[in-house]
Amino acid sequence: MQIQPTTASPAPVFQVYWEDPEEARLTWRHDRMHAPRPVTPLTGDLAARAFERGFNAAAATFALPLRARFRSINTYAYQAVVPPPNSPEELEHLQHQTQERLMGTLARLLPLWQQEWLPEIQERLASWDRFDLAGASTEELAAHLEDTERWYTRLWEIHFQLGIPFLLAPSLFEEMYSQLFRDREPLEAYRLIEGFDNKTVETERALWRLSRAALAKPHVVAAFATIPGAAVMEALETTTEGRQFLVMLCDYLAEYGERSNEFTEFANPSWIEDPTPVLDSLRHYLQQPERDLDQEAASATAERESLVAAARQRLRDYPQPVVEQFEFLLRAAQQASFLHCEHAFWIDQKGMYRVRRAILEAGRRLAREGVLEQEGDVFFLRLDEIEDVLRSPVSGLRERIAGRRAEMERFAGVEPLPVVGAMPSGPPPDSPLHRAITKFIGGPPILTAEEGALNGYAGSPGVARGPARVLGSLAEAGKLRPGDILVAKTTAPPWTPLFSTAGGVVTDTGGVLSHCAVVAREYRIPAVVGTGTATSRIHDGQLLEVDGSRGIVRMIS
């Protein structure tokens, strides 16, 4: 769902009103990486509950002396870290516990996923699928929504129990690698932990193979070349080749289409409902008939194994404890690299898809009964409001929805403040985990002496030149052409197919462990992340030079 700013009245000032004075004493940061645009009330409510409970449960598991809060402020997603109430002695004791528990998890990260977390996730997904949405009574549907919140929250407990270690492992490995090998190339350590198959890569590779099948069908190629958007599907129905290809496309969507274009927004349709992003990616791939993505992946794997072998050779005369620590962190970081992308397929995408289906069923029923004007209005209610109105009539519902929709439209034209509430008193304490989190979310760009250059973080090495394509969302992916420089506020896992088309990537948000940087390195294209202002300073068609090794974007024209 793309909310456009209203032109009926001037954009409001980003004034914050605190219902709870205690919250005003916290430092709230806008989560630009995961939710750069306004979120619907349903998303703000349900995601905040799941994320907050999920993170805090994981924090307790690892004895982290902090807790997090998530809130929707003026329709934008914000998060705050609650400072620990512990004494210095207690904090020192907790620090030892945290290190022991985190390192214990790193030692068995993949077995935990394979033997405990993934089977539980799959059972939760199966529980959703066993429920008969269409055949349930209204009371049964309301009860199912309560189950949905509980199951979704549990998925996010697993998400953070997994996510904290999979950020820590590559960070620790990179730091050790950098200390051992002073003559390394930029970002070289990450080459040793990439190139593993996972569900995100599998999704993109299956789509690429679908495009290779399309290349053998001239009528299909012609349809994609001449008919824009989703209208191509109607044209494909008119030929035998087209109908054959549509069967393959539907099979692909059934397997991989349970995802939307963004990290968090439940109002956005899945690829099954609106396959436009898939069709746009197929168009991009059809413009690259000579490329062999499978061979590129094999080359990346061979490069990884060569670098690992070279590192082991250089360590052969080191003390055994150093070698053992290197091997421990290498194994943990490689498993973390796999899980960084693998978990999103099961939790972020499949879980979100099932929540959306349940909410939409409630919306359809309430629209049929005249309670809502249209089924999509359900996303402008909170979850408990939906449950209440399913069970008994509620007055003034349409007016409430209209007011919330208008508020979202007003703030869509406002640049949210990066920080609200209490200003931070200083940088967070230096620790391995804080450094890992900073590498994920990014921080202030490192300034260079180059006049007129845009500074960010080195995300993926190399240099590329090309025209800029500034994408406000994945819905605009049709603008991208092979070799273009993709410029965006952030990228999410569903954006991965674009990395096979783009010549380089620049984002406003993120650090070296962000989704954008990780995927760009997998696809061997330069990336500069965490620039802060790329989407506001760069214009479509502007010639850019992306220096992903130094974190610099040069605006050539």
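The notes below cover a predicted model.

**Strands.** Strand 1 (residues 27-30) pairs with strand 4 (residues 419-421) in the antiparallel sense, over three bridges. There, Arg29 stands opposite Val419. Strand 1 also runs antiparallel to strand 3 (residues 76-82), again with three bridges. On that side His30 faces Tyr78.

**Aromatic pairs.** The structure holds 18 aromatic pairs. Two of them are listed here.

| Pair | Geometry | Centre to centre | Angle between planes |
|---|---|---|---|
| Phe51 and Trp156 | tilted | 4.3 Å | 45 degrees |
| Phe173 and Tyr177 | tilted | 5.8 Å | 45 degrees |

Phe51 lies in helix 1 and Trp156 in helix 4, so their pair ties together parts 105 residues apart in sequence. Both Phe51 and Trp156 are buried. They also belong to one aromatic cluster, whose members include Phe55, Phe70, Tyr152, Phe160 and Phe266.

Phe173 and Tyr177 are both in helix 4, four residues apart, which is about one helical turn. An α-helix has 3.6 residues a turn, so residues three or four places apart point the same way. Phe173 is buried, at 0% relative accessibility. Tyr177 is buried too, with a relative accessible area of 3%.

**Charges over rings.** The charged end of Arg304 sits over the ring of Phe196, 3.9 Å from its centre. Arg521 lies over the face of Tyr190, 4.4 Å from the ring centre.

**Helix 13.** In helix 13 (residues 383-391), the buried residues are Leu383, Glu385, Ile386, Glu387, Val389 and Leu390. What covers them includes helix 1 (41-61), helix 4 (138-180), helix 12 (320-368) and helix 14 (397-411).

Key. Residues are numbered from 1 along each chain as its sequence is written. This is a predicted model: local features need pLDDT of at least 70, side-chain atom pairs count only at pLDDT 80 or more; totals for chains, interfaces and linings use all residues. Side-chain values use heavy atoms; hydrogens and water are left out. Buried means under 20% relative accessible area, exposed over 50%, partly exposed in between (1.4 Å probe, protein chains only). Helices (H or I, at least four residues) and strands (E, at least two) are DSSP runs, numbered from the N terminus. Contact means heavy atoms within 4.5 Å. Two strands pair if DSSP finds at least two bridges between them. Rings of Phe, Tyr and Trp (its six-membered ring) pair if their centres lie within 6.5 Å; planes under 30 degrees apart count as stacked, over 60 as edge-to-face and the rest as tilted. A charge sits over a ring if NZ of Lys or CZ of Arg is within 6 Å of the ring centre and within 35 degrees of the ring normal.
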